[in-house]
Amino acid sequence: MRIRNVHVQDYRSVTAVVNDWWGGRQMAHLLPRLFFEHFQPTSFIVEENGEMAAFLIGFLSQTSPGEAYIHFVGVHPEKRKDGLGKKLYQHFFETVKEKGCHTVRCITSPVNKTSIAFHTSMGFAIEQGDKTIDGISVTSHYDGSGNDRVLFVKKF
C-alpha cells in the first residue's frame with residue numbers, strides 16, 4: 001500500500017469509478033477538476049498493487065486559518081473493511097497539522113449512518129444543527145433546499 005498526493009491526471013480515473021463505488025449514485029459532479037489542480041498537497045490516493053484503492057480530497061481553509069476541510073473520500077467497495085479510510089484520514093490529519101491546522105471539518109448526509117459512525121469513531125464531534133433526524137443533529141438546507149447535512153468538527 002502506498003499513499004501519494006493526487007495529480008491532475010487522477011481526475012479522470014477517480015471520476016470514472018466514483019459513481020460505481022457509490023452503488024450507481026451520481027457523485028462525480030462533486031469532484032470537479034479544480035480539486036485535482038489546486039489541492040494536491042492535501043489530497044491523496046491510496047494505491048495497492050498499482051491500482052487505486054481509495055482517495056481523499058481535502059484542503060486548507062482560506063477563510064479560517066488553522067482549519068482544514070475534507071471534501072470527499074472514496075474507498076473501493078471491496079476494500080472498505082481494510083482500514084484505508086482511517087489511514088487516509090490519519091495521513092490528512094498529520095499533513096494539515098504540519099501546515100498549522102488545529103481543526104478539521106467535514107459533512108455527510110443524515111441518511112449515511114456508516115459515514116456518521118466512521119466520523120465519530122475517528123474523533124469527530126457532531127456540530128449542533130437546527131433540527132434532529134433519527135437522533136442526530138442536522139443543519140437544514142446546508143447544501144441547498146432540502147439538502148440537510150450532518151456537520152463534523154475535530155480539534156487537535
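Student: What does the accessible surface of the chain come to?
Tutor: This is a predicted model. The accessible surface of the chain is about 8,500 Å², and 49% of that belongs to carbon and sulfur atoms.

Student: What share of the residues is buried?
Tutor: Of the 156 residues in the chain, 44% are buried.

Student: And what is the radius of gyration?
Tutor: The chain has 15 Å. A compact globule of 156 residues would have a radius of gyration near 15 Å, so the value agrees. The C-alpha atoms fill a box of roughly 45 × 40 × 30 Å along the principal axes.

Student: How many helices and strands are there?
Tutor: The chain has four helices and nine strands. From the N terminus on, the elements run β-α-α-β-β-β-α-β-α-β-β-β-β.

Student: In what order do the strands of the sheet sit?
Tutor: Seven strands make an open sheet in the order β1-β2-β3-β4-β5-β9-β6, with mixed pairing. The edge strands are β1 (2-5) and β6 (125-126), each of which pairs on one side only.

Student: Which helices pack on it?
Tutor: Helix α1 (residues 10-21) packs on the sheet and touches β1, β2, β3 and β4. The direction of α1 makes about 105° with that of β3. Helix α4 (residues 113-121) also packs on the sheet, touching β5, β6 and β9. For α4 the angle is about 15° with the direction of β9.

Student: Stay with β9. Is it mostly covered or mostly open?
Tutor: Mostly covered: five of the six residues of β9 are buried.

Student: Change of topic. Which residues touch the most other members of the largest nonpolar core?
Tutor: That core has 25 residues, and the ones touching the most other members are Leu56, Ile70, Tyr89, Phe92, Phe93, Val104 and Phe124. Elements giving two or more residues to this core include β3 (51-60), β4 (67-75), α3 (84-98) and β9 (150-155). The element that gives the most is α3, with six residues.

Student: Why would such residues sit together?
Tutor: In soluble globular proteins, nonpolar side chains tend to be buried together.

Student: What does phenylalanine 93 touch?
Tutor: Leaving out residues up to four places away in sequence, phenylalanine 93 touches Ile70, Val104, Met122, Phe124, Lys154 and Phe156. There is also a second, separate core of 15 residues, which includes Phe36, Ile45, Ile57 and Tyr69.

Student: Last one. Where is glutamine 40 found?
Tutor: Glutamine 40 is in the loop between α2 (33-38) and β2. Its relative accessibility is 25%, so glutamine 40 counts as partly exposed; buried would mean under 20%.

Student: What is it in contact with?
Tutor: Apart from neighbours within four places in sequence, glutamine 40 is in contact with Asn5, Val6, His7, Val8 and Phe35. The C-alpha atoms of glutamine 40 and threonine 15 are separated by 16 Å, and these two residues are 25 residues apart along the chain.

Terms used:
Residues numbered from 1 in each chain as written. Predicted model: local features only at pLDDT ≥ 70, side-chain atom pairs only at ≥ 80, totals over all residues. Heavy atoms only, no water. Core = buried A, V, L, I, M, F, W, Y, C linked by side-chain atoms within 4.5 Å. Buried < 20%, exposed > 50% of the residue type's maximum accessible area, 1.4 Å probe, protein only. Contact = heavy atoms within 4.5 Å. Pairing = 2+ DSSP bridges. Axes fitted to C-alpha atoms, helices over the stretch in contact; angles between N-to-C directions. Rg over C-alpha atoms; globule rule 2.2 N^0.38 Å. Areas by Shrake-Rupley, 256 points an atom, 1.4 Å probe, with all protein chains shown as cover.
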